[in-house]
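Here are a few notes to read alongside the structure. Take them in any order you like.

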Amino acid sequence: MNNTVSLSPSATLTQCAEIFLGARKSKTCLDSLPDTIKIYDAKEAYSVQDQVAQALTASLGPIKGWKVGAPTPESEPFCAPLHQATLFSGDTKLPEGLCRLYGVEAEIVYIFRKDLPFRETPWTQAEVCDAIGSAHAAIEIFDTRFCKAGSQDGLVHLADQGNHGALIYGPGISTWQQLTPVTEQVKLVLDDQIAIEHAGGNSAGDPIHLLVWLANHAAKRGFPLEAGTVVTTGSMTGTKFVPAGTTTTVEIGSLAPVSVVLP
């Protein structure tokens, strides 16, 4: 944890976190939040995330990753911490009961080889790039504590750990600088049928600026990027909802493909 001082979350945000945790524990979905609960900005959404993340460490393990993205290259990024039990290396059959919905997305993951702890001076792009160890093709599973995906205000879904369910990433390359994410060919394959194939597709553009923003943001929140941290950098394909039993494969440029079987 860092030494920055933060205010105690309001009772409303604590109640929101408790509702999300209750839905996870009971394995039920929410139609909506009570009318008394409002999330007014990203700071409040991150306060809910932090409370949920701290509570989930007992069942899902420590925070070992992040998701980060942005709607445009010029937009303020958004993010959510990811727990160890939701991260999978190599072709995987997802554990039963981990996710309720299966929204599959093709993404590029970066794994860090150096710590980027909290400090007063912001981390620079050169320093962040020096700390990256490898890049990987990945599948993020979109999930939500709400009964219907996309049914709530964007800040509410951000508070719900950014709709994270699971992340599966393939073998990496250390020569990640050779990638050009905005032009790499990406292919999403469902049960041996190509569902999506195009070049680029990440709304944030080149993901490096996302990693720089995240390095400074995460450190201020007390969850700094460390050696071994896994960061996924936003969908290149949008979200494709698929039924249980589907085998999903993602191929991105020269990166090794990765597959997941959804139980």
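1. A quick word on terms before we start: a residue is called buried when its relative accessible area is under 20%. With that cut-off, D143 is buried, because its relative accessible area is 3%. R145 counts as buried too, at 8% relative accessibility. D143 and R145 form a salt bridge, with their closest N and O atoms 3.8 Å apart. Keep in mind that this is a predicted model.

2. Now have a look at helix 1, which runs over residues 11-26.

3. Which residues of helix 1 are buried? They are L13, C16, A17, F20 and A23. These cover an arc of only 120 degrees around the axis, so they sit on the same side of helix 1. Their cover includes helix 2 (42-60) and helix 4 (154-159). On the face turned away from the buried side you'll find the exposed residues A11, E18 and K25. Just after helix 1, K27 has a positive phi of about 55 degrees.

4. There are nine salt bridges in the structure. One of them pairs D130 with K114, the closest N and O atoms being 2.4 Å apart. D130 belongs to helix 3 (residues 125-131) and K114 to the loop between strand 5 (103-112) and helix 3, so the pair ties together parts 16 residues apart in sequence.

5. K187 and E197 also meet in a salt bridge, at 3.9 Å from N to O. K187 is in strand 8 (residues 185-190) and E197 in strand 9 (residues 193-199), ten residues apart.

Notes:
Residues are numbered from 1 along each chain as its sequence is written. This is a predicted model: local features need pLDDT of at least 70, side-chain atom pairs count only at pLDDT 80 or more; totals for chains, interfaces and linings use all residues. Side-chain values use heavy atoms; hydrogens and water are left out. Helices (H or I, at least four residues) and strands (E, at least two) are DSSP runs, numbered from the N terminus. The expected span of a helix is 1.5 Å times one less than its number of residues. Buried means under 20% relative accessible area, exposed over 50%, partly exposed in between (1.4 Å probe, protein chains only). The arc is that of the directions from the helix axis to the C-beta atoms. Contact means heavy atoms within 4.5 Å. A salt bridge is a side-chain nitrogen of Lys or Arg within 4 Å of a carboxyl oxygen of Asp or Glu.
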